[in-house]
Amino acid sequence: MSAEAMSADMTDGFHLVVEALKLNGIETIYGVAGIPITDLLRLAQNEGIRYIGFRHEQQAANAAAIAGYLTGKPGICMTVSAPGFLNGVVGLANATTNCFPMILISGSSDRSIVDLEQGDYEEMDQLSVARPHCKAAYRVNRPQDIGVGIARAIRAALSGRPGGVYLDLTAEVLASGLDVETAKKSLIKVVDPAPPSIPAPQSVSRALDLLATAQRPLMIIGKGAAYARAEAEIKTFVESTGIPFLPMSMAKGLLPDDHAQSAAAARSYAIGNADVVILAGARLNWLLSHGRAPLWSDKTQFIQIDISTTEFDSNRAIAAPIAGDIKSVFAAFNTALKPGQVKAGDAWTGEIGKRKQQNIERMAARLNADPNPMNFSSALRAVRNAIATQPDVYVVNEGANTLDFGRNIIDMDKPRHRLDSGTWGVMGIGMGYAIAAAVETGKPVVAIEGDSAFGFSGMEIETICRYDLPVTTIIFNNNGVYRGDPEGRPYSPTGLLRDAHYERIIEAFGGAGYHCTDTPSLTKALTEALASGKPALINAVIDPTAGTESGHIQSLNPKSNVAPKK
Ligand code: ADP
Ligand code: TZD
């Protein structure tokens with residue numbers, strides 16, 4: 001039924017979706033328009049929801065995912081059916097893997113045709129495809145169920161361990177009419193979708209009793225703690241106990257990187273020698289070598305704090321599991337802690353301090369060198385120097401070497417300001433994350449991108465320019481995946497076009513492009529771009545021989561041992 005044909009006491013699915021989202025405080029939708037959602041997006045915009053239109057659904061979904069992480073409300077991505085939906089599923093799955101709350105809402109084609117595989121326009125059983133890749137998946141088949149569908153999606157995305165949720169809206173439901181009275185009654189405002197999860201007192205005392213026996217305690221802070229906004233409680237705990245801490249990549253800045261108790265510059269020593277480790281919102285996955293030798297000692301005992309109880313013992317025995325939300329757990333720790341009960345020993349903190357100093361001095365030589373052409377360290381130093389004056393900047397980072405070096409060289413001062421490839425080590429999050437960070441926070445964003453990594457989302461530079469967002473993209477251009485090929489053709493599987501002028505991409509859309517071949521010009525360009533508050537792209541030319549294949553995770557890259565054919 002068309003809108004004109006409806007009487008005044010009727011509404012339809014389009015209106016109900018927008019009303020349900022607004023009722024639940026949703027302010028932004030990320031998406032790509034098309035059948036059957038074009039009118040839905042138009043209506044949402046008319047009703048005051050901010051709509052950010054992308055060039056590819058994967059980026060819209062990534063944007064929604066990181067918006068969820070940054071705001072603690074589910075990020076919303078809307079797509080068309082079949083291919084548009086599938087493009088969004090990568091972002092949906094990435095959100096679920098990283099424990100970010102988001103909802104992918106896709107329009108779907110006529111079920112009576114889809115279910116009999118009779119060949120509809122953009123035909124696909126989207127619900128079945130989405131289910132393995134998300135925390136929950138629902139389909140709404142009647143307009144009066146839109147309210148409940150959206151309420152369930154919000155609750156599933158936010159409660160317990162956050163994640164991605166799929167909501168399937170058929171074209172028929174969107175266009176279906178419903179009388180206004182029934183429609184109004186069908187909407188649900190979700191009350192307390194992520195209630196505090198208070199730890200059991202016996203788990204708290206078990207953990208503190210174990211910690212009290214520790215000679216060499218260490219705390220690993222993960223992005224679950226950053227998502228939980230537990231910085232105040234964690235600061236109190238860390239500073240009152242003197243325990244050294246290590247932030248995982250996206251937890252950098254939860255406590256400032258220059259905090260005296262940060263053991264980041266002595267990471268291997270601290271991990272290898274700790275007797276009791278507190279895992280706070282970090283999984284013992286590949287990023288922590290599964291808790292196994294040679295990085296870890298067999299003797300280390302673990303306290304793990306997580307909202308998801310199935311996480312405990314997933315890789316190693318956990319002596320003191322604490323189920324709860326991190327904010328509540330550290331509040332409970334701080335209350336239960338008796339003066340002097342837990343104290344990191346001077347010998348331990350002294351040894352960590354000594355090793356930190358040695359490593360920092362060793363790194364300084366590399367960091368302060370100024371080779372021509374630039375390498376990863378020198379270019380990142382130039383970037384760091386420009387960012388240092390702007391603590392509000394959000395940093396997005398992807399690539400292999402660009403990511404590994406970037407994580408170590410770019411210090412963070414504030415929580416949730418570093419957004420990167422995360423749990424999957426995925427390429428392609430760059431522009432989606434950068435756009436959402438700028439949209440949700442209004443703050444400047446610097447995306448530090450490998451040249452290969454950038455290519456996965458590069459067309460969104462147009463999106464950045466269209467919305468005039470304060471995003472500066474820096475491409476670490478070494479002519480290849482990991483690094484460049486030697487001169488000549490054919491290009492190898494890791495080669496990319498030599499000497500590409502990426503800065504001209506943004507010029508096509510009216511943004512500022514910079515081509516930098518040395519560190520002073522790179523610092524200058526970034527300083528200027530940040531001061532302008534406008535879209536900019538810096539092509540930072542790096543030595544094509546700089547970097548290593550697979551970056552720091554060469555051990556995960558299988559190599560053929562068969563001798564090459566003569
Ligand atoms: P990192 O990559 O930083 O090591 P992970 O993504 O591996 O972090 O781990 C994050 C963990 O935090 C997940 O196991 C998730 O269940 C947990 N988590 C997420 N939110 C909360 C919360 N509010 N309270 C407690 N744990 C949480
Ligand atoms: N595809 C996806 C979606 N994710 C991936 N991680 C990869 C492919 C494989 N891959 C990496 O793991 S890193 C990388 C790829 C393609 C790019 C590395 O090159 P770069 O970075 O230019 O982005 P560096 O800094 O030059 O190493």
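Predicted model: local features only at pLDDT ≥ 70, side-chain atom pairs only at ≥ 80, totals over all residues.
The shell of residues around ligand 2 is made up of 8 nonpolar, 8 polar and 1 charged. The shell holds 17 residues, of which Asn401, Thr402, Gly425, Asp451 and Ala453 come nearest to ligand 2.

Several polar contacts to ligand 2 are made by the backbone. A polar backbone atom of alanine 400 is 3.2 Å from an oxygen atom of ligand 2. For glycine 480, the distance from a polar backbone atom to an oxygen atom of ligand 2 is 3.1 Å. Tyrosine 482 places a backbone N or O atom 3.0 Å from an oxygen atom of ligand 2. On its own ligand 2 has 600 Å² of accessible area, and the protein covers 77% of it. Two elements give two or more residues to this shell, namely helix H17 (401-409) and helix H19 (451-455). H19 gives the most, with 3 residues.

When neighbours within four places in sequence are left aside, histidine 552 is in contact with Asp404 and Asn408. The C-alpha atom of histidine 552 is separated by 9.2 Å from that of phenylalanine 405, although the two residues are 147 residues apart along the chain.

A second open sheet is built from 5 strands with parallel pairing, in the order E10-E9-E11-E12-E13. Its edges are strand E10 (245-247) and strand E13 (320-323); each has a single partner strand, so one side of each lacks a neighbour in the sheet. With direction ignored, neighbouring strands of this sheet are turned by 15° against each other on average. Strand E12 (residues 301-306) pairs with E13 in the parallel sense over 4 bridges, and the bridge partner of aspartate 306 in E13 is alanine 323. Helix H10 (residues 201-212) packs on this sheet and touches strand E9 (217-221), strand E11 (276-280), E12 and E13. The direction of H10 makes about 145° with that of E13.

Aspartate 306 leads on to the other ligand. Among the 20 residues around ligand 1, those that come nearest are Arg161, Lys223, Arg283, Asp306 and Ile326. An N or O atom in the side chain of aspartate 306 is 2.6 Å from an oxygen atom of ligand 1. Arginine 161 has a side-chain N or O atom 2.8 Å from an oxygen atom of ligand 1, and a polar side-chain atom of arginine 283 lies 2.8 Å from an oxygen atom of ligand 1. Ligand 1 exposes 580 Å² when taken alone, and the protein buries 96% of that. Helix H11 (residues 223-227) supplies the largest share of the shell, 3 residues. By type, the shell around ligand 1 divides into 8 nonpolar, 7 polar and 5 charged residues.

Some details of the backbone remain. Isoleucine 35 and proline 36 are joined by a cis peptide bond with omega of about 5°, and proline 36 lies in the loop between strand E2 (28-31) and helix H2 (38-46). A cis peptide bond also joins alanine 293 and proline 294, with omega of about 5°; proline 294 is in the loop between E11 and E12. Cysteine 99 is not a glycine, yet has a positive phi of about 65°. Its loop runs between helix H4 (82-98) and strand E5 (102-108).

Methods. Residues numbered from 1 in each chain as written. Chains lettered and ligands numbered in written order. Heavy atoms only, no water. Near = heavy atom within 4 Å. Polar contact = N/O pair within 3.5 Å; in protein donor to acceptor, adjacent residues only side chain to side chain. Areas by Shrake-Rupley, 256 points an atom, 1.4 Å probe, with all protein chains shown as cover. Nonpolar A, V, L, I, M, F, W, Y, C, P; charged D, E, K, R; others polar. Pairing = 2+ DSSP bridges. Axes fitted to C-alpha atoms, helices over the stretch in contact; angles between N-to-C directions. Contact = heavy atoms within 4.5 Å.
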